[in-house]
Amino acid sequence: MDLLSVGHKFGSMIFKLIGEEAGTEEFRQQSVIYSHYSACNSFINFASTKLTPKHKIRVKRLHRNDSPQTVCITQEPNIQRIVPLRARNPCGESSDLQTISVNKSITRKFGPRRNAQGYNYAAQLCFMKDECFASCVGVSRSTFEDLMTRISEVTRDTSARRSQEICLRIRLLMTIIYLTSKKVYKDLHNLFGYCEANICRLVCRTINDINLLSTNAIKWPISPESTADEFYEVHQFPGVLGAIDAMHLVSRAPEKMHDEYRNSRGKYTIILLAICDAQKKFTYVSVGYPGTFTDQKCLESTDLGSNLDNIPNDYFPLDKYHLIGSENFQLRDGLMVPFKAHEVNNDQNLDFNERLLKTQSITPSTFVEMRSRFQTLNKLEMSIERVVEFTTACCILHNVCLDNNDHWAGPLITNEDATSLNHPEPEIVAAPASALAKRARLVDQMCQALDS
């Protein structure tokens with residue numbers, strides 16, 4: 001390279017060397033002038049006017065671990081001199097050992113990658129206050145660290161190399177920011193400095209790691225009695241173990257199956273069927289059904305729905321406990337639904353419907369909170385397989401947030417396309433006599449509770 005590209009930091013050393021070789025008074029005077037003007041512009045002006053082409057120099061940086069670092073400067077073809085230089089400080093001009101130690105720890109923790117503005121965004125998040133971190137990432141710091149620990153235990157990254165641990169932290173930050181905001185891969189590229197293709201690959205890999213937590217994050221209630229007591233405190237509906245409902249997710253339909261995924265509102269959607277407890281945590285999730293499916297058909301397509309009349313003991317005993325659903329489902333021994341309009345002939349049936357619907361509204365409100373936090377669910381422009389993976393990951397992250405008391409306090413996003421659709425009335429299927437008797441018994445039980 002020529003003299004003009006050497007830079008400001010090598011200016012004084014170059015003048016000293018040239019002055020010694022030339023031995024003229026002119027070079028000494030120019031060296032004094034440069035010492036009074038520290039700006040690089042004055043050095044460039046002098047170099048372009050006073051030096052001849054034979055004063056071209058070459059700079060060769062030796063091994064990075066040499067102490068001190070050296071620069072080899074050649075002015076004439078037969079003249080070569082080694083000049084010792086100070087090693088480069090990674091913290092800039094500061095020589096504080098504590099600052100250097102902090103910088104090295106940040107580099108090990110978040111990696112050296114910087115964005116176009118020269119900032120390490122992942123390291124900046126480390127020094128933010130908890131409120132700023134939650135607003136930038138979308139989850140609290142405790143939730144993020146807990147998620148890091150869970151994924152590390154499942155993927156066994158704790159015994160892996162440090163580089164893999166750095167990759168996990170950075171890609172988890174990128175993934176959560178992508179899920180909780182309206183940012184696309186290009187925005188993440190501007191923040192973290194990685195290319196868009198690499199970000200897409202890292203986000204998909206992290207989604208797969210999050211889905212490995214499904215067995216521990218989404219699980220059926222262990223104690224039916226305590227779960228039923230929590231539901232009873234909501235609106236005094238007895239024996240409830242979960243509220244079931246469905247949500248439509250606007251997505252991209254397959255090329256050869258457009259009609260199957262177009263719902264009654266003309267949107268291409270994929271259905272999420274979920275059961276929630278009284279704490280608004282998911283206890284059962286099934287996603288991937290076409291938008292033309294009714295809520296009842298989605299339930300019948302699952303193992304749980306096919307066994308509602310004969311629930312295994314692993315779930316709950318049918319004589320004491322049950323699920324509750326809206327009028328879009330059919331009455332079964334394990335699923336209580338409200339009376340039809342023509343069946344409401346007294347105040348007891350009307351009170352039964354009011355209590356059931358108010359208790360069942362926990363699941364729709366959970367959907368609203370989840371969509372408000374994870375805004376990528378509002379429109380999933382990806383394949384069906386990716387939609388299933390991303391939606392399941394959002395349900396898992398929702399439960400992890402509640403485990404860490406990280407409740408959504410931001411604005412709620414309500415979308416009519418996400419609500420459970422009222423499809424045309426299907427063919428009337430007679431409810432089992434045992435289910436009708438169980439519902440009548442619950443009506444009597446609630447009436448006795450009111451009288452007492």
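Phe-367 comes out as buried because its relative accessibility is 4%, and buried here means under 20% relative accessible area (exposed is over 50%, partly exposed is in between, with a 1.4 Å probe and protein chains only). This is a predicted model, so local features need pLDDT of at least 70 and side-chain atom pairs count only at pLDDT 80 or more, while totals for chains, interfaces and linings use all residues. Residues are numbered from 1 along each chain as its sequence is written, and side-chain values use heavy atoms, with hydrogens and water left out.

**Aromatic pairs**

- Searching the whole structure turns up eight aromatic pairs; rings of Phe, Tyr and Trp (its six-membered ring) pair if their centres lie within 6.5 Å, with planes under 30 degrees apart called stacked, over 60 edge-to-face and the rest tilted.
- Phe-282 and Phe-367 are stacked, at 6.2 Å centre to centre and 25° between the planes.
- Phe-282 sits in strand S6 and Phe-367 in helix H16 (residues 362–373), so this pair ties together parts 85 residues apart in sequence.
- Phe-282 is buried too, at 1% relative accessibility.
- Phe-339 and Phe-352 go edge-to-face, 5.4 Å centre to centre with 70° between the planes.
- Phe-339 is in the loop between S8 and helix H15 (347–360) and Phe-352 is in H15 itself, so that pair links parts 13 residues apart in sequence.
- Both Phe-339 and Phe-352 are buried.
- Tyr-178, Tyr-185 and Phe-390 make up one aromatic cluster.

**Charges over rings**

- Arg-439 puts its charged end over the ring of Phe-339, 3.9 Å from the centre; the cut-off is NZ of Lys or CZ of Arg within 6 Å of the ring centre and within 35 degrees of the ring normal.
- Arg-141 lies over the face of Phe-133, 4.5 Å from the ring centre.

**The sheet**

- Five strands make an open, mixed sheet in the order S6-S5-S4-S7-S8; strands (E, at least two residues) and helices (H or I, at least four) are DSSP runs numbered from the N terminus, and two strands pair if DSSP finds at least two bridges between them.
- The edges are S6 (282–290) and S8 (335–336), each pairing on one side only.
- S5 (residues 269–276) runs antiparallel to S6, with seven bridges joining them.
- Leu-272 has Val-287 as its bridge partner in S6.

**Nonpolar cores**

- The largest core has 58 residues, and Phe-192 and Met-370 touch the most other members; a core is a set of buried Ala, Val, Leu, Ile, Met, Phe, Trp, Tyr and Cys residues joined through side-chain atoms within 4.5 Å.
- Helix H17 (residues 384–403) gives this core its largest share, ten residues.
- A second, separate core of 39 residues includes Val-240, Ile-244, Ala-278 and Ile-324.
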